[in-house]
Amino acid sequence: MIELIQQPWAWYVSGAAIAAIMFLLLFFGGSFGFSSNLRTICAACGAGNKTDFFKFDWKAQLWNLVFLLGAIIGGFIASQYLSTDAPVQISNNTINDLSKLGFAAPTGLQPTELFSWEALFTIKGFSILAIGGLLIGFGTRYAGGCTSGHAISGLSNLQWPSLIAVIGFFIGGLIMTFLIFPLIF
Amino acid sequence: MKLIKFLIAGILFGVIMTKSEAISWYRIQEMFRFQAFQMYGIIGTAVVFGIAGVAIIKKLKLKDVYGNTIKINPKEKSIIRYLIGGIIFGLGWALTGACPGPIVVNIGYGFVAMTAVFVFAIIGTYLYGVVKDKLPH
């Protein structure tokens with residue numbers, strides 16, 4: 001059993017499990033929308049004193065921060081007990097494309113070119129992570145949600161705004177991958 | 001006790017995101033290059049189950065643990081904010097290979113560098129809150 005869990009899960013198992021998390025949160029009286037936490041953290045840090053957007057009862061969102069804390073613990077448990085260190089089995093086409101940009105074939109879950117300590121302490125490496133973070137934080141709030149809130153919850157509820165947002169996610173992702181990556185890597 | 005259940009849900013979410021490999025930058029690159037079905041299968045399956053489940057919840061007027069009827073709050077009607085906001089987020093998603101959930105799961109996994117992404121995502125949200133009224137919505 002444990003060996004089965006340690007393998008990467010099939011897409012249909014993963015997809016069904018993610019839907020189950022959404023329903024679990026709904027039955028617990030919450031909802032599945034992760035990026036709201038970023039706004040809650042701003043409010044908890046006192047941003048509401050200066051900006052109305054952060055002036056709300058953030059303590060009512062404490063459940064979502066606890067969910068976030070759980071997600072960190074879940075990542076830790078998965079890395080310590082439920083994983084092999086086998087490289088991610090991405091397609092050969094992707095490996096070839098990425099090698100042209102200077103990325104070695106996967107040796108684990110994440111590229112050391114971006115997420116190692118060495119990369120973090122270079123100006124380029126730090127800038128990539130910082131700019132990426134800014135775009136994520138700004139964009140998700142502007143769009144009113146991220147992958148969980150729009151692509152999963154919103155589409156499940158057949159909301160048009162969420163479909164527009166998801167199309168936006170892909171336009172942005174394709175611009176970055178095909179137009180900007182060749183310039184920066 | 002009220003919050004413990006959310007901690008458990010979060011732990012399950014972290015494990016699922018890791019085991020699905022949806023937290024991997026490589027998988028996100030593979031998705032945006034349309035070179036594998038994996039990510040589309042994951043999101044597609046979640047949405048198919050989601051649509052069916054939400055329909056059942058609405059039909060049977062199911063209640064949550066506190067006895068309130070479950071509803072997903074509809075988003076306000078607009079195009080511009082979802083499209084532009086979505087594009088900005090998409091740029092960051094492809095660059096870091098992580099959306100907000102996977103950012104923190106990665107931190108737990110041991111990719112400490114993701115903490116930088118997380119901190120700057122908070123700053124990004126703060127900046128949005130500051131300039132919000134000047135943006136088209």
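**Helices across the two chains**

Author: This is a predicted model. Helix α2 (residues 11-27) of chain A packs against helix α3 (residues 38-60) of chain B, with axes 7 Å apart and an angle of about 40°.

Reader: Which hand does the crossing of α2(A) with α3(B) have?

Author: The hand is a property of the way in which α2(A) passes α3(B). For this pair, the crossing is right-handed.

Reader: How many nonpolar, polar and charged residues does the contact of α2(A) with α3(B) have?

Author: From α2(A), the residues that take part include Trp11(A), Ile18(A), Met22(A) and Phe23(A). Among those that they meet in α3(B) are Ile42(B), Ile43(B), Phe49(B) and the glycines Gly41(B), Gly44(B), Gly50(B) and Gly53(B). Gly counts as polar. By class, the residues of this contact are 11 nonpolar, eight polar and no charged.

Reader: On the side of chain A that touches chain B, how many residues are charged?

Author: The contact between the chains takes 109 residues from chain A and 98 residues from chain B. On the side of chain A, 72 residues are nonpolar and 34 polar. The charged residues there number three.

Reader: Which residue of chain A does Met114(B) touch, not counting residues up to four places away in sequence?

Author: In chain B, Met114(B) touches Ala98(B), Ile103(B), Asn106(B) and Ile107(B). In chain A, the residue touched is Phe115(A).

**Within chain B**

Reader: Which term describes how α1(B) lies to α5(B)?

Author: The axes of helix α1 (residues 4-19) and helix α5 (residues 100-109) of chain B come within 10 Å and cross at roughly 90°. Angles from 65 to 115 degrees belong to one class, and so α1(B) is to α5(B) roughly perpendicular.

Reader: How many residues of each class does the contact of α1(B) with α5(B) have?

Author: Phe13(B), Gly14(B), Met17(B) and Thr18(B) come from α1(B). They meet Gly101(B), Pro102(B), Val105(B), Gly108(B) and Tyr109(B) of α5(B). The classes are five nonpolar, four polar and no charged.

**Each chain as a whole**

Reader: How many helices and strands does chain B have?

Author: Read along the sequence, chain B follows the pattern α-α-α-α-α-α. The count for chain B is six helices and zero strands.

Reader: What share of the residues in chain A is buried?

Author: Chain A has 10 helices and zero strands, and its C-alpha atoms fill a box of roughly 50 × 45 × 35 Å. A residue is buried if 20 or more other C-beta atoms lie within 10 Å of its own. Of the 185 residues in chain A, the buried share is 48%.

Reader: What share of the residues of chain B counts as buried?

Author: The C-alpha trace of chain B spans about 40 × 40 × 35 Å along its principal axes. Of its 137 residues, the share that counts as buried is 58%.

Methods:
Residues numbered from 1 in each chain as written. Chains lettered and ligands numbered in written order. Predicted model: local features only at pLDDT ≥ 70, side-chain atom pairs only at ≥ 80, totals over all residues. Contact = placed C-beta atoms within 7 Å. Axes fitted to C-alpha atoms, helices over the stretch in contact; angles between N-to-C directions. Helix = DSSP H or I, 4+ residues; strand = E, 2+ residues; numbered from the N terminus. Left-handed = near helix turned anticlockwise from the far one by under 90°. Buried ≥ 20, exposed ≤ 12 C-beta atoms within 10 Å, placed from the backbone. Parallel < 35°, antiparallel > 145°, perpendicular 65-115°, else oblique.
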